[in-house]
Amino acid sequence: MTATEQNHGQAIGEVELSISGMTCASCAARIERKLNKLDGVAATVNYATEKAKVSVPEGLDPQRLIAEVEAAGYGASLPAKEEAKTTAVDEEPDDPTRSLRQRLTGSTVLSVPVIALAMIPALQFTYWQWISLTLAAPVLVWGAWPFHKAAWTNLRHGAATMDTLVSVGTIAAFLWSLYALLFGTAGTPGMTHPFELTIQRMSGDGSIYLEVAAGVTTFILAGRYFEARSKRRAGAALRALLELGAKDVAVLRDGREVRIPTSELAVGDRFVVRPGEKIATDGVVEEGSSAVDASMLTGESVPVEVGPGDNIVGATVNAGGRLVVRAIRVGSDTQLAQMAKLVEDAQTGKAAVQRLADRISAVFVPIVIALSIGTLAFWLGAGGGVAAAFTAAVAVLIIACPCALGLATPTALLVGTGRGAQLGILIKGPEVLESTRRIDTVVLDKTGTVTTGQMELIDVHLDAGADLDEVLRIAGALENASEHPIARAIARGAEQAVGELPAVEGFTSVEGLGVQGIVDGRAVLVGRSALLAEWSQPLTAELAAAKAGAEAEGRTAVAVAWDGQARAVLVVADTVKPTSAQAIAQLRELGLTPMLLTGDNEAVAKSVAKQVGIDEIIAEVLPKDKVEVVTRLQGEGKVVAMVGDGVNDAAALAQADLGLALGTGTDVAIEASDLTLVRGDLRAAVDAIRLSRRTLRTIKGNLFWAFQPDDRRCRDGVQLGVRGQQQPAAARFPQHRRRPGRTHPGHRPAGTGAHARQLTGAASTGSRTSFRVAARSAARSRPLQAPPSWCPPSPRCG
């Protein structure tokens with residue numbers, strides 16, 4: 001998809017590319033840097049939507065952009081044509097998680113027996129190790145293929161991520177196991193793995209680590225699958241927006257109504273919209289008058305009165321009479337399509353957050369690999385033998401690249417998302433949790449978010465001598481015969497107050513003014529003051545003042561008269577949710593600044609803001625203006641969270657650093673947001689931010705304990721590995737010890753069968769057993785070998 005504009009006299013085109021093969025935010029950044037190296041090109045790549053938005057100079061072939069992306073090791077293509085996009089709205093897209101689900105299922109089935117055989121000595125029958133090899137090999141090759149592929153791509157660009165860590169760790173464990181089986185003593189019939197921890201120099205060629213290669217691969221695949229399943233898919237908000245439109249329309253042809261698909265509607269066609277129907281496309285009213293629910297566009301809960309000559313917007317709902325409309329915009333030119341474009345642009349332009357574990361891996365993994373290679377070279381140079389050198393190198397590689405580093409984020413996310421589900425909060429991806437810590441401003445939509453979004457009868461001003469119950473019973477009965485949203489609010493309020501309403505005779509709707517009819521033998525008027533004036537029943541001074549006061553606060557005032565005299569003024573408005581004020585106070589307690597952003601008029605906005613305790617308001621804004629407000633706040637250095645529920649909020653939700661949609665709102669808003677609040681209570685937004693911050697703290701704590709610098713486990717283990725006193729089995733999971741078990745004939749009793757394991761490593765913050773204590777305990781029960789000649793005198797060396 002391309003567009004062209006003028007920039008300083010030079011034609012600038014805009015190209016959109018669909019990107020494939022990205023595994024993290026660093027991939028998006030790498031593609032972005034690659035494209036921006038081209039002369040005159042400015043590119044923005046979004047990992048979540050898998051799209052690149054590229055501004056290019058005139059004459060640049062889009063195929064050159066595709067070639068650059070492919071040269072970086074990723075896939076790129078031009079998106080489908082707009083027509084195909086429109087006609088394929090109802091088609092379900094390919095499931096992006098299908099491949100991961102297949103790999104996860106297959107890996108789980110193969111890994112469970114491998115882990116069971118390695119961890120339960122009673123199951124270790126003759127030749128069990130060869131069965132484990134047969135089962136683990138497909139997991140490492142096929143199941144872990146996405147990690148290997150990503151690691152190779154990163155290696156080509158001199159980068160390292162969590163994929164590099166997983167790939168290197170699992171391949172090292174598998175290759176060492178293969179070596180031990182084929183050339184060591186691990187393949188001997190009757191070999192078992194006893195539970196014990198030994199610390200001494202040895203070859204380690206009698207131990208296998210296939211359950212590490214299979215188990216870690218399966219666990220990381222599970223995390224990736226659940227992440228991919230919950231992550232926002234590119235184009236979901238666009239599809240939801242397009243589905244809002246009418247599917248067919250009644251077009252006038254030679255004076256007859258003919259129903260055709262909306263996609264066949266052309267500019268200039270005249271079509272009919274009956275009460276309750278969606279308006280098919282943007283147009284101008286030629287015949288009839290009605291009230292149109294335009295809350296999708298403006299956010300206003302009060303319907304808009306329209307008549308001949310008024311413009312109306314497609315996908316809004318006709319709440320009143322029959323309309324004949326002439327189409328003035330169709331297809332991609334409609335305001336609905338432009339709103340979809342706003343959402344798509346906001347999603348594409350939103351900078352992806354690089355995951356914390358990836359940032360750590362980018363520095364840590366190369367250091368570990370270099371240390372392992374250095375250990376190998378040192379031992380070979382010192383004449384320690386090839387087997388001993390590789391044993392030491394693999395031990396360093398495994399202990400310095402803890403599996404817990406890869407499990408820290410998925411484990412915390414699993415708990416965090418589970419707790420979120422209990423609280424009615426759906427989290428769409430880890431990047432959401434890692435961005436909430438910086439939020440300082442919360443922008444709140446008004447209608448449906450802070451308020452209920454429904455018109456309600458909130459006040460009644462009576463003339464002298466009028467009875468409240470009588471006014472409600474008579475006015476409610478007349479309004480009960482109308483389909484107008486304000487009339488329904490009055491009828492509902494009256495019925496709740498006085499019970500069953502009487503019947504109406506001679507009901508008539510007066511276009512743009514109100515309704516009239518006979519209730520209990522009385523000629524009743526309900527509507528604008530102009531309707532009463534036509535019948536020479538003007539408002540008294542007191543009622544006129546009450547009407548003016550209500551309208552000054554942005555509320556709707558409805559006059560009531562019968563028997564030649566004005567009786568009352570009914571006040572209808574969208575009411576504030578009972579818990580909104582408490583939620584605003586809690587947001588302030590979190591150090592956040594709330595702002596009210598609405599399409600309603602300023603009087604309404606000020607009234608609502610005063611009730612809930614918000615100081616800053618921005619009123620009378622359209623969807624495009626909402627996006628611009630969020631962008632402006634971001635430009636001022638603020639980190640913005642947006643809370644909304646309507647179609648008109650979708651683009652702003654996508655643009656914000658954190659988008660929170662109420663689950664009681666529209667599908668479009670939910671698709672465009674980062675967090676979904678299942679409850680319609682604004683306090684859920686406070687819970688969501690608290691949960692996100694706590695989950696992030698847990699992730700950081702898990703990453704900390706993955707290294708455990710306070711008890712120097714990593715340092716001690718690496719030192720022992722470099723000295724050749726730590727075999728890979730003990731290096732991998734050094735905190736738990738197995739019970740003594742039998743060894744196969746000829747197997748070294750000094751510990752080549754040692755196989756201590758800790759499945760979750762430091763992925764749980766509660767695991768703090770000191771490796772130093774465990775090492776000293778083992779040293780007391782089994783003395784170390786004499787230190788090598790190069791080791792300087794020290795308590796650690798013996």
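**Close-up 1. Ser 289 in the loop between strand 9 and strand 10.** Ser 289 sits in the loop that links strand 9 to strand 10 (290-293). Strands here are DSSP runs of E with at least two residues, helices are runs of H or I with at least four residues, and both are numbered from the N terminus. The model is predicted: local features need pLDDT of at least 70, side-chain atom pairs count only at pLDDT 80 or more, and totals for chains, interfaces and linings use all residues. Residues are numbered from 1 along each chain as its sequence is written, and side-chain values use heavy atoms, with hydrogens and water left out. Ser 289 is buried, at a relative accessible area of 18%. Buried means under 20% relative accessible area, exposed over 50%, and partly exposed in between (1.4 Å probe, protein chains only). Neighbours within four places in sequence aside, Ser 289 contacts Val 306, Gly 307, Gly 321, Arg 322, Leu 323 and Glu 511. Contact means heavy atoms within 4.5 Å.

Close-up 2. Two strands pair if DSSP finds at least two bridges between them. Strand 9 (residues 282-287) pairs with strand 14 (residues 323-329) over five bridges, in the antiparallel sense. Val 284 stands opposite Arg 326 of strand 14.

**Close-up 3. Packing of helix 4 against helix 5.** Helix 4 (residues 98-119) packs on helix 5 (residues 128-143) at an angle of about 155 degrees, with the axes 9 Å apart. Axes are lines fitted to C-alpha atoms, for helices over the stretch in contact, and angles run from 0 to 180 degrees between N-to-C directions. The two helices, helix 4 and helix 5, are therefore roughly antiparallel; that term covers angles over 145 degrees. Residues in the contact include Gly 106, Leu 110 and Val 114 of helix 4 and Leu 135, Val 139 and Trp 142 of helix 5. The contact residues divide into 11 nonpolar, six polar and one charged. Ala, Val, Leu, Ile, Met, Phe, Trp, Tyr, Cys and Pro count as nonpolar, Asp, Glu, Lys and Arg as charged, and the others, Gly among them, as polar.

**Close-up 4. Leu 472 in helix 17.** Leu 472 belongs to helix 17 (residues 468-479). Leu 472 is buried, with a relative accessible area of 7%. Residues up to four places away in sequence aside, Leu 472 touches Leu 457, Val 460, Ala 477, Ala 494, Ala 497, Val 498 and Leu 501. Leu 472 and Ala 491 are 19 residues apart in sequence and 8.3 Å apart in space, C-alpha to C-alpha.

Terms used
Angles under 35 degrees count as roughly parallel, over 145 as roughly antiparallel, 65 to 115 as roughly perpendicular and the rest as oblique.
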